[in-house]
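Student: I have a new structure open and would like to learn how to read it. Could you walk me through it step by step?

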Amino acid sequence: MIPFIGGLTTAIRRTTAETVYQAMGAAHRFVRRHPVLKRALLPAGRRIMPLIMSFRSRHVSRRDYASWITQHEAITTADEAAMRAHIARFAYRPTLSVVMATFETPAPYLRAAITSLQAQIYEDWELCVADDGSSAPHVAEILDAAAAADPRIRVIRRSMRGHISAASNSALSLARGDWVVLMDHDDLLPPDALYELAAEIVDHPEARVLYTDEDKIDGQGRRHSPYFKPDFDPDLLLGQNLLSHLTAYRRDLVLSLGGFREGFEGSQDHDLALRATAACGPEAVRHIPRILYHWRQQTGTQSFSEAAMARCVTLARQAIGEHLTARGIEAELLPAAGIYHRIVFPVPQPPPLVSIVIPTRNRADLLRVCLDGLLNHTQYPAIEVLIADNDSTEPDALALLKDIQSDPRVRVLPQPGPFNFARITNQAAAEARGEILLLLNNDIEVIDGGWLREMVSHTIRPDVGAVGCRLLYPDGRLQHGGTALGVGGVGAHLLVGARRDDYGPFGTLGLLRSASAVTAACLALRRDVWQKAGGMDETNLAIAFNDVDLCLKIRTLGLRIVWTPFAELYHHESASRGHDKSGKNAARFQRERDFMVAHWGDVLLNDPYYNPNYTLENADFSLAAPPRRERRYRTACPTSPAPGGV
């Protein structure tokens, strides 16, 4: 039985993703019908489960989320008391002006929205409501009754409908607080929402924009579709309205921008987010990784954006285009990941020279395909290819290396000695003439000719330090969608095994975005960034994790790492060298892993682009149980600093 289990596990590791998925389904059905076999195979099941996990659904199911809410989101009497005690220690208590526009809001939903605000544990708020000419009498009745009963609620009525931007500006005119909080007329806030905002404001007086995680709630009050967001990412904000719900802005910032722009109805929040974050800078944007907003669905009436989705998408692209133009960027905007947006950044003419560094040993079959893609099918004219040959001995490989040098774009650099990926790469990079370095494995296969132009367009951006791309297994499944730190101790690739046409949760796999690290199987960076980061650590990280280490060093320079799905290649992973986690490579792999953990410490446990509500057991966006962020009131200091001048 044991040899059979071991053989089965090995076979699964060597099988394609699709075959594994089908085989595991059949095996599960068979074992389930045989209790004795089920008990016997339980140990093997524990070994194989991580493989199964790689291919299951990437979206949190309603059942799993409901269970997670029950276990980890309930606010007890003791929790509420702790929050109130924390509030009492605030050095100051900011007034939060909740801005709301109403129009023909169904009575139960309007009452529920106001009630959820009145149930807030943090009580220093005001509700500023502008009714946009509703004809239904119940809207005025509910608002008048609420304002009469609670002096924190103020209402203005518009005689004519002006739509959401004009109505929101009318509500904004009532605000007296230092901060403006945006809330739709039929949505709900959990009782700790404003407490979390206020505590963040007190703890971070430099903040000008705050945003939170959100979910949806259906007509039966069932929550679903949680969006656990990354920390602020200017590229992801271009692709979608990352801030959305619940968002708070310094009121003086919003007023300086002129409030909401009329003509952008349906995308007015995205437009405001773009203008506000550009005005205050990314350092003043804070993310609170908790679900603090329940976006109501199935209300029986459509919002403006739901009823006119195509127009809203067009207006969002107009807002994005104006935002880029204001920054001096002439970019092309295209559809991406369904209703989202792709920004095609410019490349100067003539284009900068790219030095492509390829470590290799033997395996002419792989290298030949790689070089053919680079030299004959890549639509980027300015390249040089540096083949760092690590003691190839096979006749076919030697013949290929000799023949390929007839192409003036190619140089073969002998790199003898024991295989040390970092050392070989460092030495080859020192010979590069290009302004841009592209680190490339010899088992990469070009799919589309525009891939390098896409990577270069981001590499030359001054705030970007390195660029990674979308890599696929030969069967079309995802191999690399960026690296999530901390998974498995150091890091793991996101959503491995996803279908090629799967955009991932909320467009994760279909949009340009920031990441903490990307794989050196295909990684582009400016040569000056490479030099400032010191290249790869060839002493401690000869084979594994040197790319993660490089990316983290680049981030310490104040530069971002970005991942683009619009440069897509096949990766025959480790085909020429074998895997790290078995045989003679295992001990070396463990040493390199231990070095990363010791050297980077908590950095690996706090990936800003991998929400702490996701587990570190895998990188498939499964929920963490419990969440990896402790409740604020449990870790709050006895006193909180007051902002300057307050």
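**Reading the model together**

Tutor: Gladly! Let us begin with one spot: Ser244 sits in the loop between H11 and E7. Keep in mind that this is a predicted model.

Student: Is Ser244 buried or exposed?

Tutor: The general idea is to compare the relative accessible area with a cut-off: under 20% is called buried. Ser244 has 16% relative accessibility, so Ser244 counts as buried. Its backbone deserves a look too: phi is near 45°, a positive value in a residue other than glycine.

Student: Where else is there a positive phi in a residue other than glycine?

Tutor: Phe545 is one case, with phi near 65°. Phe545 lies in the loop between helix H20 (527-533) and H21. With 14% relative accessibility, Phe545 counts as buried as well.

Student: Now the whole protein. How many helices and strands does it have?

Tutor: There are 23 helices and 22 strands. Of the 646 residues, 56% count as buried. Among contacts between residues at least 6 apart in sequence, 79% join residues at least 24 apart.

Student: How do I read the packing of two helices?

Tutor: Look at the angle between their axes, where under 35 degrees counts as roughly parallel. H16 and helix H17 (residues 395-404) pack at about 20°, with axes 9 Å apart, so these two are roughly parallel to each other. In that pair, Ala364, Leu367, Arg368, Leu371 and Leu375 of H16 meet Asp396, Ala397, Leu400, Leu401 and Ile404 of H17.

Student: At what angle do H21 and H22 pack?

Tutor: Helix H21 (residues 546-556) and helix H22 (residues 585-600) pack at an angle of about 15°, with their axes 11 Å apart. They are therefore roughly parallel to each other, and H21 passes H22 in a left-handed crossing. The contact involves residues including Val548 and Leu552 of H21 and Met596 and Trp600 of H22.

Student: What does Leu485 touch, leaving aside its neighbours within four places in sequence?

Tutor: Its contacts include Val548 and Leu552, along with Val490, Ser516 and Leu616. Leu485 is in strand E18 (residues 483-485) and counts as buried, at 1% relative accessibility. Leu485 and Pro608 are 123 residues apart in sequence and 9.1 Å apart in space, C-alpha to C-alpha.

Student: And where is Thr519 found?

Tutor: Thr519 is in the loop between strand E20 (513-515) and strand E21 (522-526). Its relative accessible area is 9%, so Thr519 is buried. A polar atom of the Thr519 side chain lies 3.1 Å from the backbone nitrogen of Ala521.

Methods: Residues are numbered from 1 along each chain as its sequence is written. This is a predicted model: local features need pLDDT of at least 70, side-chain atom pairs count only at pLDDT 80 or more; totals for chains, interfaces and linings use all residues. Side-chain values use heavy atoms; hydrogens and water are left out. Helices (H or I, at least four residues) and strands (E, at least two) are DSSP runs, numbered from the N terminus. Buried means under 20% relative accessible area, exposed over 50%, partly exposed in between (1.4 Å probe, protein chains only). A polar contact is a pair of N or O atoms within 3.5 Å; within protein, one must be able to donate a hydrogen and the other to accept it, and residues adjacent in sequence count only if both atoms are side-chain atoms. Axes are lines fitted to C-alpha atoms, for helices over the stretch in contact, and angles run from 0 to 180 degrees between N-to-C directions. Angles under 35 degrees count as roughly parallel, over 145 as roughly antiparallel, 65 to 115 as roughly perpendicular and the rest as oblique. A crossing is left-handed if the near helix is turned anticlockwise from the far one by less than a right angle, and right-handed if clockwise. Contact means heavy atoms within 4.5 Å.
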